[in-house]
Amino acid sequence: MDDSEDPIASLATALLGLRNPEQMRAFLEDLCTPAELEAMSDRWRVVPLLRDGMPYREIHARTGVSVTTIGRVARMLERGAGGYAAALHRRPTRVR
């Protein structure tokens, strides 16, 4: 990696190069601490619940994620860079 390259862009490129969920999980487990992975997965877990209009307290009761974290995710859904919305759009639908 060239020192002049944007490190976040470089990380995003590395993530895009992974071919399947198993590779992505292995990369994330190598890259992040267990606490970082838990924080990111907590944030991601509440995204669809917020999108569906579930109240913060109900999300907290269902997931155990703090109301502060839920509020942060809600702000990013509303005023963030659009990453959550893009990921939701690309997420495979589950057959129930």
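How far apart are Arg25 and Glu29 in helix 2, counted in residues and in helical turns? In helix 2 (residues 21-31), Arg25 and Glu29 lie four residues apart, which means that about one helical turn separates them. The legends below describe close-up views of this predicted model.

**Figure 1. Arg25 and Glu29 form a salt bridge.** The closest N and O atoms of Arg25 and Glu29 are 2.9 Å apart. Side chains of opposite charge can pair when their charged atoms come close. Arg25 is exposed, because its relative accessible area of 57% is over the 50% cut-off. Glu29 has a relative accessibility of 42% and therefore counts as partly exposed. The model contains three salt bridges by the rule applied here, and the pair of Arg25 and Glu29 is one of them.

**Figure 2. Arg51 pairs with Asp52 in a salt bridge.** Between Arg51 and Asp52, the closest N and O atoms are separated by 3.1 Å. Arg51 is partly exposed, with a relative accessibility of 46%. Asp52, by contrast, is exposed, and its relative accessible area is 57%.

**Figure 3. Glu78 and Arg79 form a salt bridge.** Here the closest N and O atoms are 3.6 Å apart. Both Arg79 and Glu78 are exposed.

Figure 4. The axes of helix 3 (residues 34-51) and helix 4 come within 11 Å of each other, and they cross at roughly 140°.

**Figure 5. Residues of helix 3 meet residues of helix 4.** On the side of helix 3, the contact involves Arg45, Val46, Leu49 and Leu50. Their partners in helix 4 are Tyr56, Ile59, Arg62 and Thr63. The residues of this contact comprise five nonpolar, one polar and two charged.

**Figure 6. Glu58 is located in helix 4.** Helix 4 spans residues 56-63. Is Glu58 buried, partly exposed or exposed? With 39% relative accessibility, Glu58 counts as partly exposed, because this value falls between the cut-offs of 20% and 50%. In sequence, Glu58 and Glu5 are 53 residues apart. In space, the C-alpha atoms of Glu58 and Glu5 are separated by 43 Å.

Technical notes
Residues numbered from 1 in each chain as written. Predicted model: local features only at pLDDT ≥ 70, side-chain atom pairs only at ≥ 80, totals over all residues. Heavy atoms only, no water. Salt bridge = Lys/Arg side-chain N within 4 Å of Asp/Glu carboxyl O. Helix = DSSP H or I, 4+ residues; strand = E, 2+ residues; numbered from the N terminus. Buried < 20%, exposed > 50% of the residue type's maximum accessible area, 1.4 Å probe, protein only. Axes fitted to C-alpha atoms, helices over the stretch in contact; angles between N-to-C directions. Contact = heavy atoms within 4.5 Å. Nonpolar A, V, L, I, M, F, W, Y, C, P; charged D, E, K, R; others polar.
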